[in-house]
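Welcome! Please keep the model open beside the text as you read.

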Amino acid sequence: MALKITCPHCGTIRRLSQPFPSPGTEVQCDGCGRGLAISYPKGMVDRMREQGVHFLDPYAERPAARPAGPFLADLVALRGDFAPLVAQAQ
């Protein structure tokens, strides 16, 4: 089962699959980047859950985001690779 939402700002269609976003959460539009608040008609979430549909837990701890750029080990490796070049330049 998939849900289809349409961005009211740009008209981009996005298909959502399980686990679906919980009511009150936001998803980002793939077209314009704006946040779209998720809501469901009254009683729909309960009916969907009765059918075995799963929703994301908005309070679940998310994994830490990977930092942008190289990791420390990569920097150490790069430093080792460039050490002879730095010594020659001095």
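The notes below go from the overall layout to a few individual residues.

This is a predicted model, in which local features need pLDDT of at least 70 and side-chain atom pairs count only at pLDDT 80 or more, while totals for chains, interfaces and linings use all residues. Residues are numbered from 1 along each chain as its sequence is written, and side-chain values use heavy atoms, with hydrogens and water left out. The protein has 2 helices and 4 strands, arranged along the sequence as β-β-β-β-α-α. Helices (H or I, at least four residues) and strands (E, at least two) are DSSP runs, numbered from the N terminus.

**Overall figures**

- Of the 90 residues in the protein, 17% are buried; here buried means under 20% relative accessible area, exposed means over 50%, and partly exposed is in between (1.4 Å probe, protein chains only).
- The accessible surface of the protein is about 7300 Å², and carbon and sulfur atoms hold 54% of that area; such areas come from the Shrake-Rupley method with a 1.4 Å probe, and for residues only the protein chains shown count as cover.
- Among contacts in the protein with a separation of 6 or more, 34% are between residues 24 or more positions apart; a contact means heavy atoms within 4.5 Å.

- Strand 1 (residues 2–6) pairs with strand 2 (residues 13–17) in the antiparallel sense, over 5 bridges; two strands pair if DSSP finds at least two bridges between them.
- Across this pairing, Leu3 stands opposite Leu16 in strand 2, and Lys4 has Arg15 as its bridge partner in strand 2.
- The hairpin has 6 residues between the strands, and Gly11 takes a positive phi near 85° there.

**Cys10 and its surroundings**

- Cys10 is in the loop between strand 1 and strand 2, and counts as partly exposed because its relative accessible area is 38%.
- Which residues does Cys10 touch, not counting those up to four places away in sequence? They are Cys29, Gly31 and Cys32.
- Cys10 and Cys29 are 19 residues apart in sequence, and their C-alpha atoms are 8.8 Å apart.

**The loop between strand 2 and strand 3**

- Pro19 lies in the loop between strand 2 and strand 3 (26–28), and a cis peptide bond joins Gln18 to Pro19, with omega about -5°.
- Pro21 is in the loop between strand 2 and strand 3 as well, and counts as buried because its relative accessibility is 8%.
- Leaving aside neighbours within four places in sequence, Pro21 is in contact with Leu16, Val27, Ile38, Tyr40, Phe55 and Leu56.
- Pro21 and Phe55 are 34 residues apart in sequence, yet 5.7 Å apart in space from C-alpha to C-alpha.

**Tyr40 and the aromatic residues**

- The whole structure holds 2 aromatic pairs; rings of Phe, Tyr and Trp (its six-membered ring) pair if their centres lie within 6.5 Å, with planes under 30 degrees apart called stacked, over 60 edge-to-face and the rest tilted.
- One of these pairs is Tyr40 with Phe55, edge-to-face at 5.6 Å centre to centre and 85° between the planes.
- This pair links distant parts of the chain, 15 residues apart: Tyr40 is in the loop between strand 4 (35–37) and helix 1 (44–50), and Phe55 is in the loop between helix 1 and helix 2 (72–89).
- Are the two partners buried or exposed? Tyr40 is buried because its relative accessibility is 16%, and Phe55 is buried because its relative accessible area is 13%.
- Phe20, Tyr40 and Phe55 form one aromatic cluster.
- Beyond its neighbours within four places in sequence, Tyr40 is in contact with Leu3, Phe20, Pro21, Ser22, Pro23, Val45 and Phe55.
- The side chain of Tyr40 also reaches the backbone oxygen of Pro21 at 2.7 Å.

**The nonpolar core**

- The largest nonpolar core has 13 residues, and those with the most contacts inside it are Leu3, Phe20, Tyr40, Met48 and Phe55.
- A nonpolar core is a set of buried Ala, Val, Leu, Ile, Met, Phe, Trp, Tyr and Cys residues joined through side-chain atoms within 4.5 Å.
- In soluble globular proteins, nonpolar side chains tend to be buried together.

Conventions. A polar contact is a pair of N or O atoms within 3.5 Å; within protein, one must be able to donate a hydrogen and the other to accept it, and residues adjacent in sequence count only if both atoms are side-chain atoms.
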